[in-house]
Amino acid sequence: MFLVSRILFACIMLGVSVLFLMQSPPTPGAFQFPHADKIVHFGLFFVLAASFHIAFRPPLWFAWISLFIYAVAIELIQYYIPGRGADIWDVVADMVGVAAFYAVRKIFLYLLSTRKRRRSPS
């Protein structure tokens with residue numbers, strides 16, 4: 001199972017990298033509302049954090065630092081891609097996506113443990 005989850009993480013990481021680094025800049029009007037790109041950053045990093053956690057089960061601090069370094073690296077590289085640019089708010093959106101995954105995970109585990117306690121005989 002770990003091999004499958006690690007292969008899945010590698011595919012997701014590759015896909016996210018390609019989307020952020022190789023994609024030509026969006027055409028005007030491609031997004032119909034302001035800051036839609038931040039939602040994309042949020043969603044991709046939510047999925048990236050989930051797959052990273054499933055594949056490696058890293059300590060929370062390690063996951064945060066690793067994904068933060070990756071987010072900053074992506075923005076720095078985008079700065080040098082013609083037609084693209086770096087935006088600190090993209091990094092913020094990325095890290096909010098990571099935080100959201102770990103918050104959802106914590107809430108899910110709490111609800112699961114509460115349910116188990118109610119079902120177990122006293």
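**Salt bridges, core and surface of a predicted helical model**

The backbone oxygen of Phe20 lies 2.6 Å from a polar atom of the Gln78 side chain, a polar contact being a pair of N or O atoms within 3.5 Å, where within protein one atom must be able to donate a hydrogen and the other to accept it, and residues adjacent in sequence count only if both atoms are side-chain atoms. The model is a predicted one, in which local features need pLDDT of at least 70 and side-chain atom pairs count only at pLDDT 80 or more, whereas totals for chains, interfaces and linings use all residues. Residues are numbered from 1 along each chain as its sequence is written, and side-chain values use heavy atoms, with hydrogens and water left out.

Gln78 is part of helix 3; helices are DSSP runs of H or I with at least four residues, numbered from the N terminus. With a relative accessible area of 2%, Gln78 is buried (buried means under 20% relative accessible area, exposed over 50%, and partly exposed in between, with a 1.4 Å probe and protein chains only). Apart from residues up to four places away in sequence, Gln78 touches Phe20, Leu21, Arg84, Gly85 and Asp90, contact meaning heavy atoms within 4.5 Å.

Asp90 also takes part in a network of salt bridges that links it with Asp37, Lys38 and Asp87. A salt bridge is defined as a side-chain nitrogen of Lys or Arg within 4 Å of a carboxyl oxygen of Asp or Glu, and the structure holds three. Lys38 pairs with Asp37 at 2.9 Å, N to O. Lys38 is buried at 18% relative accessible area, while Asp37 is partly exposed at 29%. A salt bridge also joins Lys38 to Asp87, with 2.9 Å between the closest N and O atoms. Because Asp87 lies in the loop between helix 3 and helix 4 and Lys38 in helix 2, this pair ties together parts that are 49 residues apart in sequence. Asp87 is partly exposed, at 25% relative accessibility. The side chains of Lys38 and Asp90 meet at 2.7 Å, N to O. This pair connects helix 2, which holds Lys38, with helix 4, which holds Asp90, and so ties together parts 52 residues apart in sequence. Asp90 is buried, with a relative accessible area of 5%.

The largest nonpolar core has 22 residues, of which Phe45, Leu48 and Val98 touch the most other members. Such a core is a set of buried Ala, Val, Leu, Ile, Met, Phe, Trp, Tyr and Cys residues joined through side-chain atoms within 4.5 Å. At least two residues of this core come from each of helix 1 (2-21), helix 2 (36-56), helix 3 and helix 4 (88-119), and helix 2 gives the most, with seven residues. Beyond its neighbours within four places in sequence, Phe45 is in contact with Phe20, Leu67, Tyr70, Ala71, Asp94, Gly97 and Val98.

Phe68 lies in helix 3 (residues 60-79) and counts as partly exposed at 40% relative accessibility. Together with Leu60, Trp61, Phe62, Trp64, Ile65 and Ile69, Phe68 makes a nonpolar surface patch of about 720 Å². Patches are made of residues with over 30% relative accessible area and no salt bridge, with like charges joined within 9 Å and nonpolar side chains (Val, Leu, Ile, Met, Phe, Trp, Tyr) within 5 Å. Accessible areas come from the Shrake-Rupley method with a 1.4 Å probe, and for residues only the protein chains shown count as cover.
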